[in-house]
Amino acid sequence: MNEVQCEISDGFAVVTLAAPQRRNALTVEMAAELMAAFDEIDARDDVGAAVVRGSGGSFCAGADLGVLADASQDPLDDDAQRDIDALYGSFLRVGRSRAATVAAVRGPAVGAGMNLMMATDLRIVARDARLLSGFLRIGVHPGGGHFTLLNRAAGRDAAAAVGLFGQEIDGARAAELGLAWQAVEDADVEAVALQIAGRLGKDPALARRMTASFRREAGPPATSWDVGLEVERGPQMWSFRRRAQARPA
């Protein structure tokens, strides 16, 4: 059975981590499936947004213990390096999708799971979700650009508290810090995320151009205002012309 499921309809995709027996912890194979799902999404012009979620009430409990154990045996071994690169590559693949991305976070998002969550453009979290860096607890240095992902969303203090000092937070606190857009009841997380994604799904071509401009301007690194004006100029002119051409003669 595939451990990453991708369903596409109404202009947006729903990508589900489907390994509830281990709280959707990432394996090398699962990371490859996640990348393949986003390859499929990007190959289609009718997808404006994608929601990433976990099954079984968990988002992602981090990297699978087997991957960590193998890497610990000989971290410089070529196979160990390839396995870790595969996990990192899945975060990057989500972050570089042509479609805008929304994480629907329920239950735990730990370590690599936090990286995956933070790789998306927007996060909707359950108020009682458990967000934890987790690296310090197991005596491992953070990886996957962990500090960068935290800092770009919520700033230096939040990145220090969560990533450096290992503070666990719930979804409500994450929204207060800016690590998430909205904290809602657990039962409402996916419905809210789907509703938000659906707005971009109504116009995938415009959504993709807006997403590209947003990432260029918002960073990291963020652009200056004058550069932002130029980044937006071409796509906006394209949208003006398209709108005019769509009007009845």
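User: How many bridges join strand β1 to β2, and do the two run parallel or antiparallel?

Analyst: Keep in mind that this is a predicted model. Strand β1 (residues 4-9) runs antiparallel to β2, and 6 bridges join them. As a landmark, find C6, which stands opposite V15 in β2. The two strands form a hairpin with 2 residues between them, and D10 in that turn has a positive phi of about 55 degrees.

User: Which strand is joined to β2 in parallel?

Analyst: That is β3 (residues 49-54), again through 6 bridges. To get from β2 to β3, the chain passes through helix α1 (residues 28-43), making a right-handed β-α-β crossover.

User: Why is β2 largely enclosed by the rest of the structure?

Analyst: Start with the general idea: side chains in a regular strand alternate between the two faces of the sheet. So check each face in turn. In β2, F12, V14 and T16 are buried on one side, and A13, V15 and L17 are buried on the other. Strand β2 (residues 12-17) is largely enclosed because 6 of its 6 residues are buried.

User: What about aromatic pairs: how many are there in the whole structure?

Analyst: A search finds 1. Y88 and F91 make a tilted pair, 6.4 Å centre to centre with 40 degrees between the planes. Both belong to helix α3 (residues 78-95), 3 residues apart, or about one turn of the helix. Y88 is partly exposed at 32% relative accessible area, whereas F91 is buried at 4%.

User: Where does the charged end of R209 sit?

Analyst: Over the ring of W238, 4.1 Å from the ring's centre.

Key: Residues are numbered from 1 along each chain as its sequence is written. This is a predicted model: local features need pLDDT of at least 70, side-chain atom pairs count only at pLDDT 80 or more; totals for chains, interfaces and linings use all residues. Side-chain values use heavy atoms; hydrogens and water are left out. Rings of Phe, Tyr and Trp (its six-membered ring) pair if their centres lie within 6.5 Å; planes under 30 degrees apart count as stacked, over 60 as edge-to-face and the rest as tilted. Helices (H or I, at least four residues) and strands (E, at least two) are DSSP runs, numbered from the N terminus. Buried means under 20% relative accessible area, exposed over 50%, partly exposed in between (1.4 Å probe, protein chains only). A charge sits over a ring if NZ of Lys or CZ of Arg is within 6 Å of the ring centre and within 35 degrees of the ring normal. Two strands pair if DSSP finds at least two bridges between them. A crossover is right-handed if, with the strands pointing away from the viewer, the path from the first strand over the helix to the second runs clockwise.
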